[in-house]
Amino acid sequence: MARVRGIARTAALAAYMFALFASIATVGIVAYPGSLEPPNRLWTIVLAIAFSLTRLVRTRLPRGDEVRIDEMVGLSALWLTNIETIVISIVLSGLVDVLTPRTPTAHSSRGERLLDTVRRVAVVSLVYPAVSLSRGQMGERLLFGVLGAGVLYVALDVLAVSTQQRVLVPSDGPRGVVSVFRPLASIYLVHIAMAAVVVRVSSMLGVGAFLIALLMTLILQNGLNLYLRIRRAYAETIDVLAQAAELDRPADAGHARRVADLSIALGRRLGMAGIDLEQLGYAALLHDVGRIGHPEADSGGEHAVRGAQIVESIPFLSPVAPLIAGHHCVDETSDPAPATGAIVVGVCSDFDRLRSKHGSTIALQRMVASEGGVVRRRVIGELIRVVAATEVRP
Amino acid sequence: MPRAMHTYTYAVCALAGIVTAALFLAYPIPNWLPVVALLVLDFVTENFVFELPIAGSVSLAFAVTYAALLHSGPFAAVVCALAGSTNLQEFREGKPAILRLFNAAQLALSAGLAGLAYSALGGTMLSQNVGSLQGAPAAAVAGALVFFIANVLFVGYGSSIISGRPVLEVFREQGFLSYGSSVLVLALLGFVMATLLAMESWAGLLLLVLPFALVRRIFRVYLELSEAYTATVRSLVSAIEAKDPYTRGHSERVAVYARRLAEAAGLSATDASLVERAALLHDVGKIGVRLSTLTSPKHLSAGEVREIREHPTIGGDLIQQVEFLSDVVPVIRHHHEHVDGAGYPAGLSGEEIPLLSRVLAVADAYDAMTSDRAYRPGMEEREALAELKRVAGSQLDAAMVGYFLAIPSDSSRTGGQ
């Protein structure tokens, strides 16, 4: 079985690399005007340094992968110089990447960094035809040309990055295109806007405009990285403390995290997004925090009330308290009425305990047979769909 | 408000008035439209967005004023500076009128002086001389420098009058120099804004300012979140600890002692915060040790001792999952090492033990001795200190114990608890 999976992984990697090289070759043959232009020496040096600098502010995604975002450099370069120069400078900065030793913070292997370089060449090659179509534009229309190409650039880059992650690392959670794009949206916006400005003022300021905008982009992205880092710190800390709370009850090990993963999947299907989804995740992680110090079985839901009291006193988490308080209510018409999120957490928690004891199939049957109000029925309906989609069939 | 501040404010106002009037006559604004556009941008960014992710809190107003100077000349810069000083936030917060007046006057005067320096060195308006700062890069640099330095001097002297402390001391404390880096970035931003204005690229101007506005807004949330982080961890940890009446509040107290000890030992502010965080989380691995073991009044069996000895490792492994706390992991892992090598889990000795672990060990031992346990009541402070002295050099780091003993006992060791 493991061997089959290994072969499948190698095949996926080969297909991915083939796609990268094929797109480079296709653009090279179909869209290329003919003879090679000589690379511009000044721009080669400037761009190679710029591409290397973008590595300093690479952004870490929630699952620990690091992404280097270089849209501003690649995009503005497509207007400022020829494609030969860009490809050469990407390769040069790729060499720098491969030759720099691993650091504790940059733990990608040399092979991965090489693959990164090929990916970046492929993405920029695919944007190139679109840019050469709109090259003649002047004035304010130039801005819109850059914005359009920027959207294409980002779309291709996100698609390639998420594919590469899926191919390289065996999946342990959601890794779709959306999960890559969502946290990085503001960074992409900064890059595209700055590239547009560079292209617009380059007729007056030349290389200087590019260097100024590069400096600003790096500073702004660094600010956004700090923000993403502290957000991740909160999520990871709460996860760890929830695990610590479970150390007391070995039978529950991993319960909170499984409930959180499932709750978020369900919440998304029920139309939750953004901050609501994030709070649902925290509620799920902490739903049993009231059990600490009360190891005796408690089916009446007193631990839910205790947990909500604990969480209520923490400013960052106080909005989560009602979701914990109501997670043992099965009926939305009871008083006080539980939030939908609370019912989601309750369903996921019940299901996870049943599954640990009896396996998925019987657990689902019991969930369907259990009593509850309209909202709970609906949540259980979604649960069946989510479990059916993710569980490995026997 | 000291009388001297009023006098100072009126003097600055008078000077600002004279300079403004002179500039109005000498450098009339050729076209008001770009200046109005800058004013609108300035008003919006000043009132709806906040800090920048670089040192200091120099606002975007600097960039806007500088852009006005380069594009439409010294008088336009003064107009932008005056408009930029009206901040709705300050009105709402009820900042004294005299301070608001002073702020407006000093900004106008700084901008005016910058404009004079710029023109004196041959700087021209980009709006008149489309496309270049040819011959005037020195003027542009001088303009930015004069604006920055004049602003810092006026504000520094003003706050020295208000606080009644020497000017030099104010400068050192306010860290005005660290604003330098942000001023460089903002000056470059102003330069690009002026160029876009000269090209009449309104959409470009918007695209340039949008990312800055966005990042400032997000960065404010970052500042709030990072300030609340330690408080959040503290609440969660105390909630988890509450299960055992004998250790309730332990981590929080150890955090207070550890921070004070780090400060008394002359460690950096970063290290003091680091050890405080480590102390808050140092017993996270103990939650796994069965309640009965922790509160047992009897002697422990070999198995139970082994179980207790695992807690620094368990805690370290847990905390390792939080990337933000990676600096804290070794401190937690080694807080039960003894300087003579008899501790656990690694049996490190002396300097091999991380410095902050040695700090944490002293704080932890002191709190363990002074609080009640199932098998004994807590010691008096005097007894506990004597005991610390006794184990200094064998269990605990002698130097750290020395610093701890030297903390005056009038509640500052215990943080006024």
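Modeller: One definition before we start: a residue is called buried under 20% relative accessible area, exposed over 50%, and partly exposed in between, using a 1.4 Å probe and protein chains only. This is a predicted model, in which local features need pLDDT of at least 70 and side-chain atom pairs count only at pLDDT 80 or more, while totals for chains, interfaces and linings use all residues. Residues are numbered from 1 along each chain as its sequence is written, chains are lettered from A and ligands numbered from 1 in the order in which they are written, and side-chain values use heavy atoms, with hydrogens and water left out.

Biologist: Fine. Is R41(A) buried or exposed?

Modeller: R41(A) is exposed, because its relative accessible area is 72%. It lies in helix α2 of chain A, residues 41-53, where helices are DSSP runs of H or I with at least four residues, strands are E runs of at least two, and both are numbered from the N terminus. From C-alpha to C-alpha, R41(A) is 7.9 Å from T85(A), although 44 residues separate the two in sequence.

Biologist: And S349(A), buried or exposed?

Modeller: S349(A) counts as buried, because its relative accessibility is 4%. Its place is in helix α13 of chain A, which covers residues 340-358.

Biologist: Which residues does S349(A) touch?

Modeller: Leaving aside residues up to four places away in sequence, S349(A) touches H255(A), V259(A) and H287(A), a contact being heavy atoms within 4.5 Å.

Biologist: Let's turn to helix packing. At what angle do α9 and α15 of chain A pack?

Modeller: Helix α9 (residues 255-269) and helix α15 (residues 374-390) of chain A pack at about 110°, with axes 10 Å apart. The axes are lines fitted to C-alpha atoms over the stretch in contact, and the angles run from 0 to 180 degrees between N-to-C directions. α9(A) and α15(A) are therefore roughly perpendicular to each other, since angles under 35 degrees count as roughly parallel, over 145 as roughly antiparallel, 65 to 115 as roughly perpendicular and the rest as oblique.

Biologist: Which residues of α9(A) and α15(A) meet?

Modeller: From α9(A) there are L262(A), A265(A), L266(A) and R269(A), which meet V379(A), E382(A), L383(A), R385(A) and V386(A) of α15(A). By class, the residues of this contact of α9(A) with α15(A) are 6 nonpolar, no polar and 3 charged; here Ala, Val, Leu, Ile, Met, Phe, Trp, Tyr, Cys and Pro count as nonpolar, Asp, Glu, Lys and Arg as charged, and the others, Gly among them, as polar.

Biologist: How do α3 and α5 of chain A cross?

Modeller: The axes of helix α3 (residues 71-80) and helix α5 (residues 110-133) of chain A come within 11 Å and cross at roughly 45°, so α3(A) and α5(A) are oblique to each other. In this pair G74(A), L78(A) and W79(A) of α3(A) meet V124(A), V127(A), Y128(A) and V131(A) of α5(A), and the residues of the contact of α3(A) with α5(A) divide into 6 nonpolar, 1 polar and no charged.

Biologist: Over to chain B, then. At what angle do α6 and α7 pack there?

Modeller: Helix α6 (residues 97-120) and helix α7 (residues 137-163) of chain B pack at about 150°, their axes 8 Å apart, which means that α6(B) is roughly antiparallel to α7(B). Among the residues making the contact are L99(B), F102(B) and Y118(B) of α6(B) and F147(B), F154(B) and I162(B) of α7(B). The residues of the contact of α6(B) with α7(B) comprise 17 nonpolar, 5 polar and no charged.

Biologist: Which residues does a cis peptide bond join in chain B?

Modeller: A cis peptide bond joins Y344(B) and P345(B), with omega about 5°, and P345(B) is in the loop between α16 (329-333) and α17 (355-370) of chain B. E200(B), in the loop between α9 (179-198) and α10 (202-241) of chain B, has a positive phi of about 55° although it is not a glycine. Most residues other than glycine have a negative phi, and most peptide bonds are trans.
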